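Subject: Handover of a structure and its computed findings

Dear colleague,

Please find below the structure that I am handing over to you. My findings follow directly after it.

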Amino acid sequence: MPRFLALYTMQPDNVVRFRALPRAEQDAIDAKGVAQWTEWESRNAAHIPDRGGMVGKTLRVSSSGTAPATNAVCGYLTVEAPTIEDAARLFENHPHFSVFPGDSVDIMPFVTEPPA
């Protein structure tokens, strides 16, 4: 079955706005979102060979050296589906952006096979 990388994206400003909410409001959103996310993962478990995880601040390495950087990636996981369109459908109305202040989930096919 083809595998796809799913990248959760969230603009840094949206994180700041979320964290500026009163703690009780953040907790209510977290409780609702985590419950829906857990249910989404359970419902789609057969398609998720690697649950991935959420990620923190970026340190970018380039030919110019190493320096802190900013990007919208906040997490990832791997899914299996017959096509990229099928993989994308798994994320329709995902709590990452229907409850939490996430922007989107970018789906990309792996073009090399993982090691056995």
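A pocket, as the word is used here, is an open set of grid points with protein on both sides within 12 Å along at least five of seven lines. Please note that the model is a predicted one.

**The largest pocket**

The volume of the largest pocket is about 630 Å³. Its lining comprises 23 residues, and those closest to the centre are Met-10, Val-15, Met-54, Val-55 and Cys-74. Helix H1 (12-20), helix H2 (23-43) and strand S5 (73-80) are the elements that contribute two or more residues to this lining. Of these, H1 gives the most, namely five residues. By residue class, the lining of the largest pocket consists of 13 nonpolar, seven polar and three charged residues.

**The largest nonpolar core**

The largest nonpolar core holds 17 residues, of which Tyr-8, Trp-40, Leu-77, Val-79, Phe-91 and Ile-107 touch the most other members. At least two residues of this core come from each of strand S1 (3-9), H2, S5 and strand S6 (104-109). H2 and S5 also give two or more residues each to the lining of the largest pocket.

Phe-91 deserves a separate entry. Apart from neighbours within four places in sequence, Phe-91 is in contact with Ala-6, Tyr-8, Trp-40, Leu-77, Val-79, Phe-97, Val-105 and Ile-107.

The side chain of Gln-26 forms a polar contact of 2.8 Å with the side chain of Arg-19. When neighbours within four places in sequence are left aside, the contacts of Gln-26 are Phe-18, Arg-19, Ala-20 and Leu-21.

Ala-24, by contrast, has a relative accessibility of 62% and therefore counts as exposed, the class that begins over 50%. Between the C-alpha atoms of Ala-24 and Val-34, which are ten residues apart in sequence, the distance is 15 Å.

**Two residues in strands**

Thr-78 is located in strand S5. With a relative accessible area of 6%, Thr-78 is buried. Leaving aside neighbours within four places in sequence, Thr-78 is in contact with Arg-3, Phe-4, His-47, Ile-48, Pro-49, Asp-50 and Phe-110.

Thr-66 is part of strand S4 (residues 65-69). Residues up to four places away in sequence not being counted, Thr-66 touches Leu-59, Arg-60 and Val-61.

**A backbone angle**

Most residues other than glycine have a negative phi. Asn-93 is not a glycine, yet its phi is positive, at about 60 degrees. Asn-93 sits in the loop between helix H3 (84-89) and helix H4 (95-98). Its relative accessibility of 66% is the reason why Asn-93 counts as exposed.

With kind regards

Conventions:
Residues numbered from 1 in each chain as written. Predicted model: local features only at pLDDT ≥ 70, side-chain atom pairs only at ≥ 80, totals over all residues. Heavy atoms only, no water. 1 Å grid on protein atoms, 1.4 Å probe; cavity = no way out; pocket = protein on both sides within 12 Å on 5 of 7 lines; lining within 4 Å. Points joined across faces, edges and corners; volume = space filled by probe spheres on them. Helix = DSSP H or I, 4+ residues; strand = E, 2+ residues; numbered from the N terminus. Nonpolar A, V, L, I, M, F, W, Y, C, P; charged D, E, K, R; others polar. Core = buried A, V, L, I, M, F, W, Y, C linked by side-chain atoms within 4.5 Å. Buried < 20%, exposed > 50% of the residue type's maximum accessible area, 1.4 Å probe, protein only. Contact = heavy atoms within 4.5 Å. Polar contact = N/O pair within 3.5 Å; in protein donor to acceptor, adjacent residues only side chain to side chain.
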